[in-house]
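Subject: Structure for you to look at

Hello,

Here is the structure I promised to pass on. Please open it first, then read my notes beside it.

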Amino acid sequence: MLFRSLNQRINFPDLITAETGKVAVRISSHPFVERIFDGVSHPLTATSANISGQNNLYDIADIIDTFRSKIDLIIDSGRLQPSKGSTVVDLTQTPPSIVREGEISTELIEEFF
């Protein structure tokens with residue numbers, strides 16, 4: 001999983017950019033997410049299965065308890081596999097910087113760049 005942080009080219013709501021003037025694009029490797037995007041021809045926004053800065057959530061009951069009053073739809077695709085989360089790379093600067101290391105290691109990202 002990898003997030004790429006980019007400067008926005010159109011005016012997105014602050015909720016999407018977290019008031020940074022940047023947008024992030026997530027590339028998911030989850031088969032369920034890939035199938036959703038096979039049938040959608042426009043961008044989607046979604047939250048992670050946790051609150052920023054808090055522990056990852058893997059069980060549907062914990063996810064529902066956390067997000068019940070905050071979002072309109074939760075899809076249960078089974079228990080999530082434990083993960084470090086997404087690696088976040090900021091491509092708005094030269095050289096790119098790693099904001100957060102996740103499943104894709106810093107060494108692999110640095111090798112790529």
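Below are my notes on what was found.

This is a predicted model, in which local features need pLDDT of at least 70, side-chain atom pairs count only at pLDDT 80 or more, and totals for chains, interfaces and linings use all residues. Residues are numbered from 1 along each chain as its sequence is written, and side-chain values use heavy atoms, with hydrogens and water left out.

**The overall layout**

The chain has 4 helices and 4 strands. Both are DSSP runs, numbered from the N terminus: helices are H or I with at least four residues, strands are E with at least two. Along the sequence the pattern reads β-α-β-α-α-β-β-α.

Of the 113 residues in the chain, 18% are buried. Buried means under 20% relative accessible area, exposed means over 50%, and partly exposed lies in between (1.4 Å probe, protein chains only). The accessible surface comes to about 8,800 Å². Carbon and sulfur atoms hold 52% of that surface. These areas come from the Shrake-Rupley method with a 1.4 Å probe; for residues, only the protein chains shown count as cover.

Now contacts, meaning heavy atoms within 4.5 Å. Take those between residues at least 6 apart in sequence: 34% of them join residues at least 24 apart.

Start with strand 3, residues 87-90. In a regular strand the side chains alternate between the two faces of the sheet.

Strand 3 pairs with strand 4 (residues 97-100) in the antiparallel sense, over 3 bridges. Two strands pair if DSSP finds at least two bridges between them. Val89 has Ile98 as its bridge partner. Val88 stands opposite Arg100. A hairpin of 6 residues joins strand 3 to strand 4.

Look at Thr87 in strand 3. Its relative accessible area is 1%, so Thr87 is buried. What does the side chain of Thr87 reach? Another is the backbone oxygen of Ile104, at 2.6 Å.

**Salt bridges**

Side chains of opposite charge can pair when their charged atoms come close. A salt bridge here is a side-chain nitrogen of Lys or Arg within 4 Å of a carboxyl oxygen of Asp or Glu. How many salt bridges does this rule give? The count is 3.

- Asp90 pairs with Lys22, with the closest N and O atoms 2.6 Å apart. This pair links distant parts of the chain: Asp90 is in strand 3 and Lys22 in strand 2 (residues 22-27), 68 residues apart. Asp90 counts as buried because its relative accessibility is 5%. Lys22 is at 25%, so Lys22 counts as partly exposed.
- Arg79 meets Asp59 at 3.9 Å, N to O. Arg79 lies in the loop between helix 3 (60-67) and strand 3, and Asp59 in the loop between helix 2 (31-38) and helix 3, so the pair ties together parts that are 20 residues apart in sequence. Arg79 is exposed because its relative accessible area is 57%. Asp59 is at 28% relative accessibility, so Asp59 counts as partly exposed.
- Asp65 pairs with Arg68, with the closest N and O atoms 3.0 Å apart. Both Asp65 and Arg68 are exposed.

**A nonpolar patch**

Which residues form a nonpolar patch on the surface? They are Phe32, Ile36, Phe37, Leu44, Leu73 and Ile75, with about 530 Å² of accessible area together. Patches are made of residues with over 30% relative accessible area and no salt bridge; like charges are joined within 9 Å, and nonpolar side chains (Val, Leu, Ile, Met, Phe, Trp, Tyr) within 5 Å. One member, Ile36, is found in helix 2.

Last stop: Ser28, in the loop between strand 2 and helix 2. Ser28 is buried because its relative accessible area is 16%. Leaving aside neighbours within four places in sequence, Ser28 is in contact with Val33 and Glu34. Ser28 and Ser86 are 58 residues apart in sequence, yet their C-alpha atoms are 9.0 Å apart in space.

Best wishes

Definitions and conventions. A polar contact is a pair of N or O atoms within 3.5 Å; within protein, one must be able to donate a hydrogen and the other to accept it, and residues adjacent in sequence count only if both atoms are side-chain atoms.
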